[in-house]
Amino acid sequence: MTAIKAISELTRVALPAATADSCSRSLLSVTSLAVDDVSAILRLATELEAQEPAARAQRLAHRRVALLFYESSTRTRTSFELAAKGLGADTALISSQSSSIEKGESLKDTGITLRALGAECIILRHLSSGAPYLLAKATGLPVLNAGDGMHEHPSQALLDVRTMLRALGRPENAPGDTLLQGITVAITGDILHSRVARSNALLLPRLGARVLLCGPPALLPDAALELGPGITLERDFDRALKQAQIVMMLRIQKERLTGVHIDLDEYTTRYQLHGERLRTSAPQAIVMHPGPMIRGLEITSDVADGPQSVIAEQVRHGVAIRMALIHRALISEPGKTAPNARLAKRKAPAAGKGSGD
């Protein structure tokens with residue numbers, strides 16, 4: 001089964017009715033979001049970012065958020081953790097190297113354990129596509145997909161949208177399907193293995209953008225067109241640049257290249273974004289990269305650190321977007337602070353009875 005066909009199967013996983021509420025507050029795929037949901041998340045992110053920190057920290061005071069990371073991460077893990085703490089939540093970080101996962105415990109049992117320990121929301125990064133669906137089904141808790149295998153990275157796509165709108169000077173309160181109307185986004189690099197590329201390709205056309213995927217056949221099979229409407233393939237990087245207002249570069253994911261041969265010298269010549277190529281083909285384009293960057297391969301330092309780059313802004317916008325997603329997961333009515341359900345149940349013991357342990 002191809003990666004793209006496998007993903008189409010995964011997106012049809014049905015969760016039981018008992019978890020319908022938590023699933024509606026989960027974010028497993030960008031395909032679960034209506035364009036109005038995207039607009040609401042953008043508005044909530046702006047509201048939370050602007051709020052005075054002490055007041056913001058009361059929104060989810062003492063709520064419990066578990067960060068379950070089976071893969072290494074810097075930007076995503078840190079921004080989710082800072083987002084949760086910025087809302088006042090208590091966080092617990094669980095990695096595969098420092099938990100019972102290392103002893104062979106299953107994802108289901110780890111999730112059930114976290115729920116029993118009081119976790120109210122789980123943020124999951126996993127090496128297997130579809131893992132967040134399984135965790136949501138097993139626990140009944142809201143699950144936020146922080147990247148699953150070669151499937152998706154939905155929070156990254158949302159922060160990329162916010163970055164684009166800010167860089168373009170576009171309003172975030174426009175109708176969702178017109179947010180990026182008339183904009184061409186060229187995504188270049190290892191499309192085949194990129195969950196970031198997949199989430200953006202699934203989301204951006206619904207917001208009015210045209211997505212131009214660029215790369216060699218080994219990293220960008222023709223089957224990528226099956227992802228949906230609004231997507232075009234272009235093998236010539238310079239030609240893609242000349243059409244784009246936004247250029248998103250991706251690294252080659254060497255850890256996923258088993259059986260794929262890439263001539264790095266040829267790749268660099270054809271697909272590296274360097275200063276001269278940017279000046280010649282896209283002098284006004286906004287440059288993005290989800291990280292981690294491999295400077296000197298897909299992008300050069302003069303471009304990554306140059307005036308057209310908004311790479312650092314992408315990282316910054318990640319905190320606001322992830323605050324909105326955690327808030328959405330734990331409070332069904334955005335803007336309304338709900339008490340911690342578990343804390344509310346811990347009433348003082350009746351006279352004459354001990355509190356117990």
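Predicted model: local features only at pLDDT ≥ 70, side-chain atom pairs only at ≥ 80, totals over all residues.
Q: What about Phe237, buried or exposed?
A: Phe237 comes out at 1% relative accessible area, so Phe237 is buried by that cut-off too.

Q: How many aromatic pairs does the structure hold?
A: There are 2. Rings of Phe, Tyr and Trp (its six-membered ring) pair if their centres lie within 6.5 Å; planes under 30 degrees apart are stacked, over 60 edge-to-face, the rest tilted. Phe237 and Tyr271 have ring centres 6.4 Å apart and planes at 40°, so that pair is tilted.

Q: What parts does the pair of Phe237 and Tyr271 tie together?
A: Phe237 belongs to helix 10 (residues 237–243) and Tyr271 to helix 11 (residues 264–271), so the link joins parts 34 residues apart in sequence. Helices here are DSSP runs (H or I, at least four residues; strands are E, at least two), numbered from the N terminus.

Q: How are the rings of Tyr267 and Tyr271 set, stacked or tilted?
A: Tilted: their centres are 5.3 Å apart and the planes sit at 35°. Both lie in helix 11, 4 residues apart, which is about one turn of the helix. Tyr267 is also buried, at 2% relative accessibility.

Q: What lies over the face of Phe80?
A: Arg322, at 5.0 Å from the ring centre. A charge qualifies if NZ of Lys or CZ of Arg is within 6 Å of that centre and within 35 degrees of the ring normal.

Q: Which residues line the largest cavity?
A: Arg322 turns up here as well, and other residues of the lining include Arg75, Gln156 and His289. A cavity is a set of points on a 1 Å grid over the protein atoms alone where a 1.4 Å probe fits but cannot get out; a pocket is an open set with protein on both sides within 12 Å along at least five of seven lines, and lining residues have an atom within 4 Å of a point. Helix 14 gives the most to this lining, with 4 residues. The space inside is about 80 Å³.

Q: Which residues lie nearest the centre of the largest pocket?
A: Arg125, Arg195, Arg251, Gly291 and Pro292, out of 22 lining residues. Helix 5 and helix 9 (195–203) are the elements that give two or more residues. The volume is about 420 Å³, meaning the space filled by probe spheres set on the points, which are joined across faces, edges and corners.

Q: How many disulfides does the structure hold?
A: The count is 0, where a disulfide would need a pair of cysteine sulfur atoms within 2.5 Å. Cys121 is buried at 0% relative accessible area, and Cys214 is buried with 0% as well.

Notes
Residues numbered from 1 in each chain as written. Heavy atoms only, no water. Buried < 20%, exposed > 50% of the residue type's maximum accessible area, 1.4 Å probe, protein only.
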